[in-house]
Amino acid sequence: MAPGGSACKEVIESHSPVADYDIASAKSESNNATSTTTTATMKTSVNLVGKHGIHSNNGVYELLECPVCTNLMYPPIHQCPNGHTLCSNCKIRVHNCCPTCRYDLGNIRCLALEKVAESLELPCKYQNLGCQDIFPYYSKLKHEQHCRFRPYNCPYAGSDCSVTGDIPTLVSHLKDDHKVDMHDGCTFNHRYVKSNPHEVENATWMLTVFNCFGRQFCLHFEAFQLGMAPVYMAFLRFMGDDNEAKKFSYSLEVGANGRKLIWQGIPRSIRDSHRKVRDSQDGLVIQRNLALYFSGGDRQELKLRVTGRIWKEE
């Protein structure tokens, strides 16, 4: 290479067997072994199934770390006239100026480095969380996007929370940091309360977590606008992956004065955000006028009782 060139909070009353909830606010990756030989280039078709428990001895992958963001680089890999490389995202961030020698980057591709990458096999970056598979360089990233060992996002919906981790970590986080209600059992009976429901268009009540069948389930209750109509929605999310969530079902029920609404479905995995579940209307949706009718009285106060149960499909 030649040089040169230029929340919510809730709970106003809680008693067994009925818990009442009020709303206070609403928001919601090596091995360092050196080697002068290269491994055989993998030419087979790329898939997401890795080699179990095999570790690459090829330390050349360190050359593929972007000097700016330190992430692994994927095509197109750019280089300056002096041979310094960086990823395509950082090329934009540094305004086309090499961060090492300050020469203009231009549009030079480092094809040799891109070819070298084809010879590499690397462990998943979630190896420390339990994934022992090894992948060809160019399929590693795709695998990591769906790796079953990747951390979960905090399921709390009352405020923005950036905490991630495995399920036990998140359960402790929800209990200690978000102070959510934790209940044992597979049936529930909650009453959600709001004194001025006509003044609240978007709101998130405090999350409730149920320990059932040795797993955890999150009960959500929200107010939002569905088109022009104000509605309430209750739904359940499973703290685990989707394939595990499908082993369970749940029902929700609201009603009064001889009327009743019943929802039955499969809990959604917390891999899906609460907003995604809510916007898909995958839960019990209640028009505000009907919710206030179920609340009784002069319809000026929300006192909506939601009962439900969780069961395991055989």
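Which helix is the place of arginine 288 in? Okay, hi everyone, let's start there. Arginine 288 sits in helix H7, which covers residues 288-295. Keep in mind that we're looking at a predicted model.

So, is arginine 288 buried or exposed? Its relative accessible area comes out at 11%, and the cut-off for buried is under 20%, so arginine 288 counts as buried.

Now, who are its neighbours? Leaving out residues up to four places away in sequence, arginine 288 touches Pro197, His198, Val200 and Glu201, plus Pro230, Val231 and Tyr232. Take Pro197 from that list: the arginine 288 side chain reaches the backbone oxygen of proline 197, at 3.2 Å.

Okay, let's move to another part of the chain. UniProt, in an unreviewed entry, lists residues 66-102 as "domain: RING-type". In our model, that span is 16% helix and 11% strand, and its end C-alpha atoms are 16 Å apart.

Let's zoom in on one pair. S4, residues 78-79, pairs with S6 over two bridges, in the antiparallel sense. And which residue stands opposite glutamine 79? That's isoleucine 108, over in S6.

That's my bit, thanks!

Terms used
Residues are numbered from 1 along each chain as its sequence is written. This is a predicted model: local features need pLDDT of at least 70, side-chain atom pairs count only at pLDDT 80 or more; totals for chains, interfaces and linings use all residues. Side-chain values use heavy atoms; hydrogens and water are left out. Helices (H or I, at least four residues) and strands (E, at least two) are DSSP runs, numbered from the N terminus. Buried means under 20% relative accessible area, exposed over 50%, partly exposed in between (1.4 Å probe, protein chains only). A polar contact is a pair of N or O atoms within 3.5 Å; within protein, one must be able to donate a hydrogen and the other to accept it, and residues adjacent in sequence count only if both atoms are side-chain atoms. Contact means heavy atoms within 4.5 Å. UniProt positions are given in the numbering used here, feature names are shortened, and annotations may be inferred rather than shown by experiment. Two strands pair if DSSP finds at least two bridges between them.
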